[in-house]
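Me: I would like to go through this model with some questions and answers. Please show the sequence and structure to start.

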Amino acid sequence: MVIKFVENDFIKYWIEDDILYSEFKKPTIGTKENLKALIDLRHQISAGEKQYWCYDFAGIQSYDKDARDYADQYGQEYLHACAVILNSHITKFILNTFMKLKSASVPLKGFTKKSEAVKWLNELKEKNNQ
């Protein structure tokens with residue numbers, strides 16, 4: 001059941017079964033301006049509460065350095081964890097290796113299947129609720 005739904009011209013978010021989902025509506029270049037809009041919209045739907053986010057990366061064409069720096073600074077607010085759905089096993093491997101080397105404040109893991117991403121988020125939710 002969808003509880004909440006918000007969107008702008010390039011991304012939509014919805015909360016379903018206590019998981020935040022997002023999907024790009026069209027191919028998008030990850031500029032700082034676009035990333036700021038993406039994060040602001042995610043904060044809007046989160047309404048000050050931490051979320052488990054299933055982030056579908058299909059549709060993002062690239063992220064420039066300013067956008068990556070902005071995401072590092074502001075992208076983890078209101079998150080318990082983030083499962084990123086990627087369309088490449090190589091990209092998934094690179095992301096997961098990078099995240100092992102980086103000290104992120106929020107667990108982040110790459111997946112190639114949405115079902116596996118949601119399963120991981122639900123496992124984290126169960127663990128955190130014990």
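Reply: At 31% relative accessibility, Glu23 counts as partly exposed, where buried means under 20% relative accessible area, exposed over 50% and partly exposed in between (1.4 Å probe, protein chains only). This is a predicted model, in which local features need pLDDT of at least 70 and side-chain atom pairs count only at pLDDT 80 or more, while totals for chains, interfaces and linings use all residues. Residues are numbered from 1 along each chain as its sequence is written, and side-chain values use heavy atoms, with hydrogens and water left out.

Me: With which residue does Glu23 form a salt bridge?

Reply: A salt bridge is a side-chain nitrogen of Lys or Arg within 4 Å of a carboxyl oxygen of Asp or Glu. For Glu23, the closest N and O atoms of the pair are 3.5 Å apart. Glu23 lies in strand E3 and its partner in strand E2 (residues 11-16), so the pair ties together parts that are eleven residues apart in sequence. The partner is Lys12.

Me: Which residue meets Lys25 in a salt bridge?

Reply: Lys25 sits in the loop between strand E3 (19-24) and strand E4 (28-30), and its partner is 18 residues apart from it, in strand E1 (residues 2-7). Helices (H or I, at least four residues) and strands (E, at least two) are DSSP runs, numbered from the N terminus. Lys25 is partly exposed at 40% relative accessibility. Its partner, at a distance of 2.8 Å from N to O, is Glu7.

Me: In which helix do Asp40 and Lys36 lie?

Reply: These two side chains form a salt bridge, with the closest N and O atoms 2.9 Å apart. Asp40 and Lys36 are four residues apart, about one turn of the helix. The helix that holds both is H1 (residues 32-46).

Me: Within what arc do the buried residues of H4 fall?

Reply: The buried residues of H4 are Ala117, Val118, Trp120, Leu121, Leu124 and Lys125. The face turned away from them carries the exposed residues Ser115, Lys119, Glu126 and Lys127. The arc is that of the directions from the helix axis to the C-beta atoms. Seen down the axis, the buried residues line one face of H4, because they fall within an arc of 160°.

Me: Against which strands do the buried residues of H4 pack?

Reply: Contact means heavy atoms within 4.5 Å. The protein chain has four helices and eight strands. The buried residues of H4 pack against E3, strand E5 (51-56), strand E7 (79-85) and strand E8 (108-111).
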